[in-house]
Amino acid sequence: MSKYVNPFTDIGFKIIFGQPASKNLLITLLNELLAGEHHITELTFLDKEDHADNVSDKGIIYDLYCRTASGEYIIVEMQNRWHSNFLDRTLYYVCRAVSRQIESPSSKEVPVPEDPMTAREPLVSYGKQYRLPTIYGIFLTNFKEENLEAKFRTDTVLSDRDTGKIVNPHLRQIYLQFPYFTKDLSDCHTLYDKLIYALKNMSNWNRMPDALKEQVFEHLARLAAVADLSEENRIAYDKALDRYRVNQIVEEDERRKNEEMRRKAAEEGLKEGMKAGLEKGVKKGRLEGIKEGMKEGLEKGLEKGEQKKQIEIARKMREDGISIDIIIKYTGLQSSDIENL
């Protein structure tokens with residue numbers, strides 16, 4: 001059994017990144033993901049449950065929901081299994097976080113005067129109330145999403161379709177498809193690559209590799225140590241790990257069934273193709289045979305007709321007393337053929 005929790009289980013991911021002691025580790029991971037775009041100095045964990053105001057609306061429970069010191073909001077989700085409409089759900093999560101910035105009960109409403117003619121301009125201008133912070137949605141998946149490009153990282157922005165110029169920078173989504181991360185540790189030269197490598201493989205380790213010498217990995221090892229879990233977290237983690245393993249078995253069986261179905265379909269297709277090809281070949285062979293036979297018969301018929309014609313000419317020349325040598329010269333017949341006339 002691994003010494004470290006599996007980050008692809010819900011509770012394993014939250015143990016590593018979702019507790020107060022995890023804050024610096026989460027900040028390090030986010031800064032590596034957003035390098036060159038944004039740098040986080042401090043963040044606050046928010047209530048992960050977004051309660052809907054309307055009873056018919058869908059509530060949301062985020063894996064991680066936090067706010068940076070400079071006002072950006074970040075949603076971090078770990079998704080172990082594929083489900084239909086996954087990309088729609090991630091978009092809904094981000095849009096929900098955006099809309100809550102306007103819908104928040106803390107926003108002040110401007111009272112309407114009794115006499116509309118005496119209405120005054122609101123204290124806050126109309127446009128300013130729609131000023132939004134940047135919302136980041138970061139989604140780590142343990143599967144390949146068919147509607148994304150076949151690569152590890154996909155960044156989405158709101159941009160002009162023709163020029164690619166960013167129209168609004170306040171809605172950002174980052175998808176990390178772990179099955180596409182295939183680097184060996186020897187190929188991981190940046191802290192970003194090393195963090196991703198550790199997350200993907202740590203559930204198989206009994207100790208941190210010597211190549212991961214940075215302090216952040218010592219912190220990761222302490223947070224993720226199974227032996228150091230509280231009794232409550234250990235019970236919850238064991239249950240989550242059982243579900244994870246059962247899901248893996250089910251998915252592996254499903255994958256094998258699909259591969260077997262594809263193999264059988266390919267074999268059936270090959271058989272049908274060979275049968276159709278053979279029938280077509282036989283049919284084509286028959287047609288070619290008929291054509292060759294007709295051609296050969298025609299050639300032989302013409303040859304025979306030509307020979308008959310030459311014999312008739314030779315007979316007349318013979319009757320006229322022309323010598324055999326001259327008849328052979330002009331008809332091409334053999335002397336024996338002429339003598340038998």
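**Exercise 1. Describe the salt bridge of Lys 183 and its surroundings.**

Solution. Lys 183 forms a salt bridge (a side-chain nitrogen of Lys or Arg within 4 Å of a carboxyl oxygen of Asp or Glu) with Asp 193, and the closest N and O atoms are 2.6 Å apart. Helices (H or I, at least four residues) and strands (E, at least two) are DSSP runs, numbered from the N terminus. Finally, classify exposure, where buried means under 20% relative accessible area, exposed over 50% and partly exposed in between (1.4 Å probe, protein chains only). Lys 183 is partly exposed at 36%, whereas Asp 193 is buried at 10%.

The model is predicted: local features need pLDDT of at least 70, side-chain atom pairs count only at pLDDT 80 or more, and totals for chains, interfaces and linings use all residues. Residues are numbered from 1 along each chain as its sequence is written, and side-chain values use heavy atoms, leaving out hydrogens and water.

**Exercise 2. Locate the salt bridge between Glu 260 and Arg 263.**

Solution. The N to O distance is 2.3 Å. Both residues lie in helix 6, three residues apart, about one turn of the helix. Glu 260 is partly exposed at 30%, and Arg 263 is partly exposed at 37%.

**Exercise 3. State how many disulfides there are, and check Cys 66.**

Solution. With a disulfide taken as a pair of cysteine sulfur atoms within 2.5 Å, the count is zero. For Cys 66, the nearest cysteine sulfur is that of Cys 95, 18 Å away. Cys 66 is buried, with a relative accessible area of 0%.
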